[in-house]
Amino acid sequence: MLHLRIQRNRNFIVPETPRAKSLRLFQLLRRLEEADDDGFCECVTCGEYRHYSTCHGGHFLPKGKSSFWAHSPDNVFPQCPACNLYGMKHGSAAQVYTIFMIRKFGEEKVAHMLATQGNVVKIYAKDYREMIADYNSRIKVEKKRIGVL
């Protein structure tokens, strides 16, 4: 089945790549895993409680800079859209996220993540298809847990 995602500021529709689909599903899975039994999760940078469907899966290490950490559960946590889109680049959200990560994992782990963020992992289309199937099955389990399915 061909999935299409609309790209902004364009007059055409582009098929979603396996990488993009796997990242989208992974971020949804992480939001669901971090949500309570009512489907609400806390933004790791500002503390606001939101429904998982209105949160983003914010990456501590940006997914475009680190293929090594892009699909790691230790790198993705719920963020409100304001913190993820604006605060990480122009506000203090990146610093607050770093403090959250140090409190959660310790300075050694965060230092290791930062030191290895440039590591490259080659992921093939077959690998993405396997990830997508795994994420879809785990998403169903989490949605049942919070009563969406």
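At what angle do helix H2 and helix H3 pack, and how far apart are their axes? In this predicted model, H2 (residues 81-90) and H3 (residues 93-105) pack at an angle of about 105°, and their axes lie 7 Å apart. Angles of 65 to 115 degrees count as roughly perpendicular, so H2 is roughly perpendicular to H3. On the H2 side the contact is made by Cys83, Gly87 and Met88, which meet Ala93, Ala94 and Tyr97 of H3. By residue class, this contact has 5 nonpolar residues, 1 polar residue and no charged ones.

**Helices H1 and H5**

The residues of the H1 and H5 contact divide into 12 nonpolar, 2 polar and 7 charged.

Gln27 also lies in helix H1. With a relative accessibility of 13%, Gln27 is buried, because the cut-off for buried is under 20%. Leaving aside residues up to four places away in sequence, Gln27 touches Gly57, His59, Lys63 and Val76.

**Salt bridges**

The model has 10 salt bridges.

| Salt bridge | N to O distance | Accessibility of partners |
|---|---|---|
| Glu34 and Arg30 | 3.0 Å | Glu34 34%, Arg30 6% |
| Glu48 and Arg50 | 3.2 Å | Glu48 35%, Arg50 22% |
| Arg145 and Glu142 | 2.8 Å | Arg145 33%, Glu142 16% |

Glu34 and Arg30 are 4 residues apart in helix H1, which means that about one helical turn separates them. Glu34 is partly exposed at 34%, whereas Arg30 is buried at 6%.

In helix H5, Arg145 and Glu142 are 3 residues apart, so they too are separated by about one helical turn. Arg145 is partly exposed, with a relative accessible area of 33%, while Glu142 is buried at 16%.

Glu48 and Arg50 are joined by a salt bridge between their side chains. Glu48 counts as partly exposed at 35%, and Arg50 likewise counts as partly exposed at 22%.

Which residues are linked in a network of salt bridges? The network consists of Arg30, Glu33, Glu34, Asp134 and Arg138. Within it, Arg30 and Glu34 form the bridge with a closest N to O distance of 3.0 Å.

Conventions:
Residues are numbered from 1 along each chain as its sequence is written. This is a predicted model: local features need pLDDT of at least 70, side-chain atom pairs count only at pLDDT 80 or more; totals for chains, interfaces and linings use all residues. Side-chain values use heavy atoms; hydrogens and water are left out. Ala, Val, Leu, Ile, Met, Phe, Trp, Tyr, Cys and Pro count as nonpolar, Asp, Glu, Lys and Arg as charged, and the others, Gly among them, as polar. Helices (H or I, at least four residues) and strands (E, at least two) are DSSP runs, numbered from the N terminus. Buried means under 20% relative accessible area, exposed over 50%, partly exposed in between (1.4 Å probe, protein chains only). Contact means heavy atoms within 4.5 Å. A salt bridge is a side-chain nitrogen of Lys or Arg within 4 Å of a carboxyl oxygen of Asp or Glu. Axes are lines fitted to C-alpha atoms, for helices over the stretch in contact, and angles run from 0 to 180 degrees between N-to-C directions. Angles under 35 degrees count as roughly parallel, over 145 as roughly antiparallel, 65 to 115 as roughly perpendicular and the rest as oblique.
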